[in-house]
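Morning, everyone. Let me put the model up, and then we can go through its side-chain contacts.

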Amino acid sequence: MVIKVYIATSSGSTSIKKQQQDVMGFFDAVKIPYEEKDIAANEENRKWMRENVPENCRPTSGNPLPPQIFNDSCYCGDYGAFFEARENNEVYAFLGLTAPPGSKEAIALEKLKA
């Protein structure tokens, strides 16, 4: 499984840039491997991202904006969903990954099972 983060390297939006940096910085910090997929420099990436964000997760008007996160072709969510998962120590579940032993998420899961 490969985590893919769809980003726009040439976005004029400071907010989008900060969100992209936040996602990738977190993945780097906790050593979650991922691929950057630039929708600004690659039309195929932009088209694929737009077609694969589920209908119920799209904005009411316009196109989905980066960052958008996928596990292979399975949609995980946008920045808001990522942020909520991170705040709740559920990032691995959000990504469809198994939490590593000793992580806050793994410890929380063990407590629930007990």
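**Rings and charges**

Start with the aromatics: ring pairs join F26, F27, Y34, Y79, F82, F83 and F94 into one cluster. Before the details, note that this is a predicted model: local features need pLDDT of at least 70, side-chain atom pairs count only at pLDDT 80 or more, and totals for chains, interfaces and linings use all residues. Residues are numbered from 1 along each chain as its sequence is written, and side-chain values use heavy atoms, with hydrogens and water left out.

How many aromatic pairs are there? Eleven. The rule takes rings of Phe, Tyr and Trp (its six-membered ring) with centres within 6.5 Å; planes under 30 degrees apart are stacked, over 60 edge-to-face, the rest tilted. F26 and F27 pair edge-to-face, at 6.4 Å centre to centre and 65° between the planes. F27 is buried at 0% relative accessible area. Buried means under 20%, exposed over 50%, partly exposed in between (1.4 Å probe, protein chains only). Y79 and F82 make a tilted pair: 6.1 Å, 45°. Both are buried.

Now the charges. The whole structure holds four salt bridges, meaning a Lys or Arg side-chain nitrogen within 4 Å of an Asp or Glu carboxyl oxygen. One of them joins D22 and R86, 2.8 Å from N to O. These partners sit 64 residues apart in the chain. D22 is partly exposed, at 23%.

K37 bridges to E35 at 3.4 Å. E35 is partly exposed, at 33%. R58 and E55 come to 3.7 Å. Here R58 is partly exposed at 28%, while E55 is exposed at 64%.

Key. Helix = DSSP H or I, 4+ residues; strand = E, 2+ residues; numbered from the N terminus.
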